[in-house]
Amino acid sequence: MLVDIQDLRIAFEGNGKRFEAVRGVNLSLAPREKLGIVGESGSGKSLTARAMMKLLPPQAIISATRMQFDGVDLLTRSERQMRRIRGGRMGFVLQDPKYSLNPVKTIGTQIAESWRAHNTGSRKMAREAALDLLEQVMIRNPAKVLDAYPHEVSGGMGQRAMIAMMLAPDPDLLIADEPTSALDASVQAEILRLIDALVERRNMGLILISHDLPLVSHFCDRVSVMYMGRQMEEIAAADLAQARHPYTRGLLNCMPALNQPRETLPVLARDAAWLEETPL
Amino acid sequence: MNTMIDVAGLRIAFGASEVVKGVDFNVARGACFGIVGESGSGKSTVLRALAGLNRDWSGRIAFEGTPVGLKRSGAFYTKVQMVFQDPFGSLHPAQTIDRILSEFLLVNRTGDIDGRVNRALAEVALPPSVRFRFPHQLSGGQRQRVAIARALIAEPEVLLLDEPTSALDVSVQAEVLNLLADLRRRLGLTYVMVSHNLAVIAHLCEHMGVMQHGEMVEQLSTRTLREGGATHPHTRDLAALSLSLETVDAPAV
């Protein structure tokens with residue numbers, strides 16, 4: 001198992017009150033497997049991903065009966081040990097390249113920096129590695145992009161550069177948190193296809209986090225649907241059209257569709273019973 | 001046809017770069033016209049010029065047959081109001097909903113502020129308790145309802161909608177789209193809606209214009225689009241992409 005998480009809980013305390021944002025999430029991912037985590041804003045999907053990298057704010061309280069990455073217990077890792085895993089063995093692609101790339105460094109410098117953080121080699125080797133990585137993410141003119149600053153490239157190009165940076169240390173797992181939400185639909189599909197191909201070629205595992213259920217279903221093997229910190233269901237992506245949970249059905253149903261005009265869109269009826277924790 | 005909005009030869013340039021290169025369209029009273037395109041196609045720029053938020057345009061923009069100039073009068077804004085994409089960015093963070101909604105009434109020295117604020121909240125199906133809260137205390141969908149209520153408080157005839165649901169979850173998007181459709185029916189409003197999402201445009205609008213690189217490459221009715229009658233390759237691309245993304249069982253393009 002590449003990722004094995006049992007009963008993950010993330011809580012925040014303040015003013016004497018305790019709020020559990022993630023309540024009992026179970027995830028498992030085999031090598032080369034692709035898992036989608038889908039949910040609305042506030043469902044805890046990003047928190048779950050960040051907990052895996054231990055990138056949560058210090059006031060967050062994480063607990064889990066098991067939280068392992070490739071046999072390594074993440075709960076007991078120190079920050080120093082985490083730094084080797086984070087970036088090195090787990091890559092993390094964030095939503096908006098505008099904010100996640102350093103605006104005052106060229107793209108080449110940033111990729112080379114991430115390569116040198118996890119490999120040993122000269123500056124020249126790092127630069128060559130960066131060029132090679134930009135080629136791998138299908139940038140047409142990699143030599144030019146290498147010396148460009150993030151504001152000089154388009155959003156899709158920036159996201160490709162971001163992916164190149166994450167691939168530099170050759171990770172085993174790629175976590176992509178809404179990697180395409182800030183991009184146009186046509187670029188969205190391109191980036192996801194690229195991620196898909198790279199994951200395939202490099203035998204990586206992929207965790208794709210998104211609010212877009214149909215989109216995720218095209219690129220993942222399994223989809224885990226979250227609502228208010230709880231997992232509603234986990235379902236094979238191919239069976240999504242037959243999903244039975246009313247929340248999943250509701251999410252699929254309430255989107256306007258080009259090929260089926262409707263006078264009014266069905267509105268999701270939320271049921272408090274979905275959030276009840278069934279005692280084991 | 002009773003034309004509400006008439007745009008002809010609209011050109012918008014920022015310095016040397018022309019971002020809208022001659023756009024013509026008109027919208028009938030009570031109709032909903034959608035403008036769809038990718039980022040950078042100039043769709044929002046057109047909308048901002050209609051709203052008078054952009055002064056670098058040339059050409060003709062007329063509401064109810066009366067051409068408007070670069071500067072708009074106060075009376076103009078009682079007729080035309082705009083709703084922006086991100087309700088977080090468009091509502092004043094340090095003002096209560098009550099203050100946000102009464103701004104227009106105070107500026108225009110309208111009476112019965114209390115009644116009109118309450119009516120506007122009821123119009124967008126928000127509970128009266130929302131009135132004395134701050135924007136950060138509301139959810140994204142509620143904030144967008146407030147933004148719509150603020151536009152409605154002027155009792156306008158035209159609503160300009162710039163990606164009104166793009167920042168929202170799909171379930172909340174459905175609620176806001178239903179609200180917009182309902183308001184248009186009840187109040188007889190005319191909409192111009194800009195979105196990158198073809199399915200959203202097709203849901204709400206009967207007619208649409210497709211923009212690419214600053215030009216409106218095709219105008220067609222939603223019905224024609226659904227029947228596969230789009231002629232321009234860009235429209236066809238957008239439609240094919242939209243269809244492939246909305247199905248859950250078919251593989252991606």
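The paragraphs that follow take up the interface and then the sheet.

This is a predicted model, in which local features need pLDDT of at least 70 and side-chain atom pairs count only at pLDDT 80 or more, while totals for chains, interfaces and linings use all residues. Residues are numbered from 1 along each chain as its sequence is written, chains are lettered from A in the order in which they are written, and side-chain values use heavy atoms, with hydrogens and water left out.

At the interface, 32 residues of chain B are in contact with 33 residues of chain A, contact being heavy atoms within 4.5 Å. The area buried between the chains is about 2800 Å², of which carbon and sulfur atoms give 60%; buried area is the accessible area (1.4 Å probe) that two parts lose on being put together, summed over both. One salt bridge is counted between chain B and chain A, with the side chains of A:Glu263 and B:Arg185 meeting at 3.4 Å, N to O (a side-chain nitrogen of Lys or Arg within 4 Å of a carboxyl oxygen of Asp or Glu). On the side of chain B that touches chain A, helix H7 (170–187) of chain B gives the most, with eight residues; helices here are DSSP runs (H or I) of at least four residues, and strands (E) of at least two.

Chain B also holds an open sheet of four strands in the order S2-S1-S4-S5, with antiparallel pairing, where two strands pair if DSSP finds at least two bridges between them. Strand S1 (residues 3–14) and S2 of chain B pair over nine bridges, and B:Ile5 stands opposite B:Val27 in S2(B).
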